[in-house]
Amino acid sequence: MKQRIAVIGVGPSGITALKNLVDQGLEVVAFDRNSEVGGNWIYSDEESHSSVFETTHIISSKTLSQYADFTFDDFDPTVSDYPSHDELRNYFQAYANKFNLYQFIQFDTLVVHCELLDKGTWEVTIEKGGVRKAERFSQLVVCNGHHWKPRYPDYPGEFTGEFIHSHNFKKAAPFAGKRVLVIGGGNSACDVAVETSRVSAKTAISWRRGYRIVPKFFFGKPTDVVAEGTKWLPIKIRTLFSQILLRIMLGDNKLYGLRPITNNFGSLHPTINDELLHKIRHGKVKPRLDIKRFEGKKVIFEDGKEEEFDTIVACTGYWLSHPFFDKNLINYSDGPVPLWLKMFHPTISNLYFIGMFQPLGCIWPGAELQSKLMAQELGGKWKRPENIAALCQKEMADPHYKQINTPRHTITVDFHLFVKELKQHLPKNYLSKVSMAKRQEKELNHSQ
Ligand SMILES: Cc1cc2nc3c(=O)[nH]c(=O)nc-3n(C[C@H](O)[C@H](O)[C@H](O)COP(=O)(O)OP(=O)(O)OC[C@H]3O[C@@H](n4cnc5c(N)ncnc54)[C@H](O)[C@@H]3O)c2cc1C
Ligand SMILES: NC(=O)c1ccc[n+]([C@@H]2O[C@H](COP(=O)([O-])OP(=O)(O)OC[C@H]3O[C@@H](n4cnc5c(N)ncnc54)[C@H](OP(=O)(O)O)[C@@H]3O)[C@@H](O)[C@H]2O)c1
């Protein structure tokens, strides 16, 4: 069939996929169940796709969290080092406006099913206003995000208080005066514990292992900016450097009553938080061990400690989920994820995943480079290697970081190495600021 490309989702990954495909003069339609651009960064009081809460600020600094084609300086140079969800939503919407993307997006449209027909065409079933219809596409680009489907923990016994997931945590106010237990040691858990501790009667945090809590600033600079200075070093040395620096700055976890650290930096997704350790040392957040079982409102911990809580917030992460695929075609929920450069499928050559990786760093600059590579291929300017299946296996066998085997650690990349790997396949002038200016000039000439 004639080339016609479908993009699922217009969050930070989908908009850059769309922009770069349009730049190549390709016919593209993007679908999103939301009614605006921004994905996870469209905060709402109500249950929605988004998992951010009222006070969320990013954990990667703006310097390392910008599109090369549209930087924060191009958007608003006054944005803070760690922008809020609102500032980011505005940034993503400004990107979509700047590159005239809205005309290619069908909002309030849920992609229900994607089927690969015999001749390699995709049949995409969409639903809008309760009406379903199927459309055919030559290529499918998946940008549906991977932090929206809550993964719940399971413990013996029954907890009779309120039990929610961080996906449903919107603001601290409803927890005023309550006894709150937060489960997890990731970024959601630490943010939620800090926020509830401002208003709760008591906040405790339960960890099943020891985590390093990385501050947002070192020497007055954002942590990732400082770390960037060592990006030319092998990962092993960088890891050692980070461990030593953190140890000097923060001391041992036991000083805070926290579980000891037993893993190397990078073997877990990093937790970045400036306030948790402060709250612990001010008695506002109480460290707890793993949960053994529930008895009504009582929680019994690993060390036998028993304590009552009104609310538990499980900050236990998210499933990788693609509900629009038949499970026998694509199912990455239980890992592993064999995709070369986290985007090319070993056998289905007209299927791309953009932004489905977990960097030690920010997602959208990498998604932008993935998009450029995809657009180069679909624009006929780059050819993929023939041994994709072998490359997928190699990437899985030789990950950037050897991580612990828990569900969240199946798609990790090192930000700097990943960027380097993607750039190796792109032409020198991969930035499309110039081509964009030309396109706008052409459009202007047409309209005159
Ligand atoms: C609290 C929180 C903080 C975070 N902080 C950071 C950070 O500091 N730095 C960072 O890099 N990452 C962070 N992340 C990770 C986050 O996933 C990325 O920032 C980013 O949102 C990924 O963009 P995306 O476009 O891939 O996915 P999303 O932002 O999730 O967007 C996916 C889009 O696809 C649409 N969609 C999904 N399914 C369908 C369907 N079936 N049909 C139609 N449309 C569909 C959704 O409506 C949505 O608009 C954070 C995540 C959370 C939860
Ligand atoms: N401010 C921000 O920018 C911000 C805020 C929140 C989230 N995020 C991002 O959003 C993404 C998701 O983060 P997240 O914190 O929601 O999830 P996450 O990174 O998957 O962390 C989940 C945590 O829960 C633990 N856990 C999982 N199952 C458990 C169980 N059954 N019992 C006890 N503990 C369990 C995990 O332990 P293991 O260590 O054993 O895996 C881990 O500590 C990440 O990319 C994160 O960086 C960013």
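Reader: Working rule: two strands count as paired once DSSP finds at least two bridges between them. In which sense do β19 and β20 pair, and over how many bridges?

Author: This is a predicted model. In it, β19, residues 298-301, pairs with β20 in the antiparallel sense, over three bridges.

Reader: Which residue of β20 is the bridge partner of Val 299?

Author: Glu 307.

Reader: Ligands now. Which residues come nearest to ligand 1?

Author: Gly 9, Gly 11, Gly 39, Ile 58 and Gly 145, out of 33 residues around ligand 1.

Reader: Which element gives the largest share of that shell around ligand 1?

Author: α1, with three residues. α1 spans 12-23, and both α1 and β4 (110-116) supply at least two residues of the shell.

Reader: How do the residues around ligand 1 divide into nonpolar, polar and charged?

Author: 15 nonpolar, 16 polar and two charged.

Reader: Ligand 2: how many residues surround it, and which are the closest?

Author: 26 residues surround ligand 2. Pro 153, Gly 184, Gly 186, Ser 188 and Gly 317 are the closest. Helix α4, residues 187-197, gives the largest share of the shell, four residues.

Reader: Which domains does the shell around ligand 2 draw on?

Author: Domain 1 (4-148 + 318-447) and domain 2 (152-314). Each gives at least three residues.

Reader: Last topic, Leu 391. Where is its place?

Author: In helix α9, residues 388-397.

Reader: Why is Leu 391 classed as partly exposed?

Author: Leu 391 has 18 other C-beta atoms within 10 Å.

Reader: What is Leu 391 in contact with, leaving aside neighbours within four places in sequence?

Author: Trp 340 and Pro 385.

Reader: And how far apart are Leu 391 and Leu 339?

Author: They are 52 residues apart in sequence. In space, C-alpha to C-alpha, Leu 391 and Leu 339 are 8.3 Å apart.

How values were computed
Residues numbered from 1 in each chain as written. Chains lettered and ligands numbered in written order. Predicted model: local features only at pLDDT ≥ 70, side-chain atom pairs only at ≥ 80, totals over all residues. Near = placed C-beta within 6 Å. Nonpolar A, V, L, I, M, F, W, Y, C, P; charged D, E, K, R; others polar. Domains from an automatic or database assignment. Buried ≥ 20, exposed ≤ 12 C-beta atoms within 10 Å, placed from the backbone. Contact = placed C-beta atoms within 7 Å.
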